Amino acid sequence: MTNPVSPTVPPRYEPMRGLALWGEEEKAAALEVLESRSLFRYYGPALQHRVAEFERRFAAVHEAPYAVGVSSGTAALTCALIGMGMPAGAEVIVPAATFVGCVSAVVAARGVPVFADIDASLTLDPTAWESLVTERTFAVMPVHLNHAAADMDPVLAVARRHGIRVLEDAAQACGVSYRGRPAGSLGDAGAFSFQLEKNITAGEGGAVVTGDPLIHDRVARYQDQGGQFFTSRGGERGGTEGGPFLGANLRMTEIAGALLSVQLDRLPGMLTRLRDIARTVRKELSGLDVTWRTLPDEEGSGGDLTLLAEDRMAARRLVTRLTAAGVPAATLYQGRTVYQNPAVHAGRTAWGTEWTPPARLRASEALLGRSVTVGLGATMTDDDVTHVIDSLRAALTAGAAGSAR
């Protein structure tokens with residue numbers, strides 16, 4: 001998380017997760033692949049099968065039969081929608097608060113995004129999106145935002161009632177759970193990102209998890225040119241269901257698979273530590289008038305410190321005070337919903353205008369604008385935690401005094 005307000009004030013600690021824990025194990029894993037000269041996942045002079053091994057372990061962690069490693073989180077969302085068999089022109093319901101990659105994936109899969117309200121969890125409001133369902137609705141995309149799961153049980157109930165597919169965007173929630181179940185494994189498929197800021201990282205990468213063999217087959221083929229990879233070696237890969245089709249090159253590299261396998265071992269301990277930090281901070285500040293973001297499952301979160309200020313200006317002042325104290329803090333997505341992105345608002349894709357400007361969701365805009373997130377880091381010390389507590393207390397107290405005047 002960058003410091004957009006006071007860039008000259010260095011943060012007290014590094015607000016990184018998986019990247020902060022990189023060490024000799026990651027170096028050794030990458031070097032082994034380099035020395036094998038087999039960086040392509042399907043063949044090489046001494047193939048190490050690192051992506052295949054990561055897929056097997058990642059599926060097991062998520063209690064799912066299948067996982068497919070791909071090149072990014074956006075690629076994972078795209079592959080999952082295509083794996084589900086989404087027809088051209090179909091609608092996908094997307095929460096107002098999310099990364100633009102969600103919309104990009106819908107467009108890449110030839111769909112149309114429809115934007116739904118969020119609630120005080122800053123994730124999809126499970127009571128609000130049902131009214132958006134039409135005969136064109138194919139899927140809903142709940143987003144597990146900022147290391148906390150969306151409220152999935154009511155979302156799944158609505159989806160089942162209407163026969164709608166559920167694609168979980170778990171890009172920011174690797175290792176997070178919802179009522180004892182791994183995030184990303186509750187719907188028809190889950191999509192993950194391994195970009196630099198994520199809980200486990202190879203700098204870039206993604207994965208699709210599913211329990212549906214047909215979805216798995218289509219995802220595995222689509223990310224590899226449809227499975228029709230004819231070279232001087234000849235041959236065809238995958239394709240146990242249906243006829244051949246054309247796909248894309250969205251494959252994960254062997255180096256990424258090797259790095260992610262190491263990072264996966266670090267994940268449980270890191271999330272336990274960050275969850276304990278967040279719990280400690282909230283407990284120490286319990287005497288103050290703080291409105292914390294609602295967490296549908298606090299015990300399963302990956303450590304979130306997000307509060308809702310009185311209004312957008314109060315959030316801005318709080319961010320300024322915290323960053324000046326060396327605490328990395330920011331408003332999520334700079335307080336802008338995904339449809340406020342100019343290209344998204346205009347429906348402007350690479351091949352033309354695909355939809356008219358969506359209606360504003362003012363309640364969602366207000367909630368997002370009021371948000372203040374303190375970035376937590378995997379290498380935070382107890383002294384760093386104390387500093388966060390003291391800085392938050394001082395900033396909140398100053399804000400309350402200002403409001404009283």
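Predicted model: local features only at pLDDT ≥ 70, side-chain atom pairs only at ≥ 80, totals over all residues.
## The seven-stranded sheet

A further open sheet is formed by seven strands in the order S1-S9-S8-S5-S4-S2-S3, and its pairing is mixed. Strands S1 and S3 stand at its edges with a single partner strand each, so one side of each is left without a neighbour in the sheet. On average, and with direction ignored, neighbouring strands of this sheet are turned by 25 degrees against each other. As background to both sheets, strands of a sheet pair through backbone hydrogen bonds, either parallel or antiparallel.

Strand S2 (residues 91-95), by contrast, pairs with S3 in the parallel sense over five bridges, and here Pro95 stands opposite Ala116 in S3. Although S1 is an edge strand with a single partner strand, four of its five residues are buried, so S1 is largely enclosed by the rest of the structure.

Helix H2 lies across S1, S8 and S9, and runs at about 130 degrees to S1. Helix H4 (residues 100-108) lies across S2, S3 and strand S5 (165-169), and runs at about 145 degrees to S3.

The loop between helix H2 (50-61) and strand S1 (66-70) holds His62, which has a relative accessible area of 2% and is therefore buried, the cut-off being under 20%. Not counting residues up to four places away in sequence, His62 touches Gly175, Pro182, Ala183, Ser185, Phe192 and Val209.

## The contact of H1 with H7

The axes of helix H1 (residues 24-36) and helix H7 (residues 254-284) come within 9 Å and cross at roughly 155 degrees. Because angles over 145 degrees count as roughly antiparallel, H1 and H7 are roughly antiparallel to each other. The crossing in which H1 passes H7 is right-handed.

On the H1 side, the residues in this contact are Glu25, Glu26, Ala29, Ala30, Val33 and Leu34, and they meet Glu254, Ile255, Ala258, Leu259, Val262, Gln263 and Arg266 in H7.

## Two residues with positive phi

Most residues other than glycine have a negative phi. Leu122 has a phi near 65 degrees, which is a positive value in a residue other than glycine. Leu122 lies in the loop between strand S3 (112-116) and strand S4 (137-140), and at 0% relative accessibility Leu122 counts as buried.

Tyr333 is not a glycine either, yet it has a positive phi of about 50 degrees. This residue is found in the loop between S11 and helix H9 (342-346), and with a relative accessible area of 25% Tyr333 is partly exposed.

## Gln195 in the loop between S8 and S9

Gln195 is found in the loop between strand S8 (189-193) and strand S9 (206-210). The relative accessible area of Gln195 is 25%, and Gln195 is therefore partly exposed. Its neighbours within four places in sequence being left aside, Gln195 is in contact with Ile200, Thr201, Gly203, Glu204 and Gly205. Gln195 and Ser131, which are 64 residues apart in sequence, are 34 Å apart in space when taken from C-alpha to C-alpha.

How values were computed: Residues numbered from 1 in each chain as written. Heavy atoms only, no water. Axes fitted to C-alpha atoms, helices over the stretch in contact; angles between N-to-C directions. Parallel < 35°, antiparallel > 145°, perpendicular 65-115°, else oblique. Left-handed = near helix turned anticlockwise from the far one by under 90°. Contact = heavy atoms within 4.5 Å. Buried < 20%, exposed > 50% of the residue type's maximum accessible area, 1.4 Å probe, protein only. Pairing = 2+ DSSP bridges.
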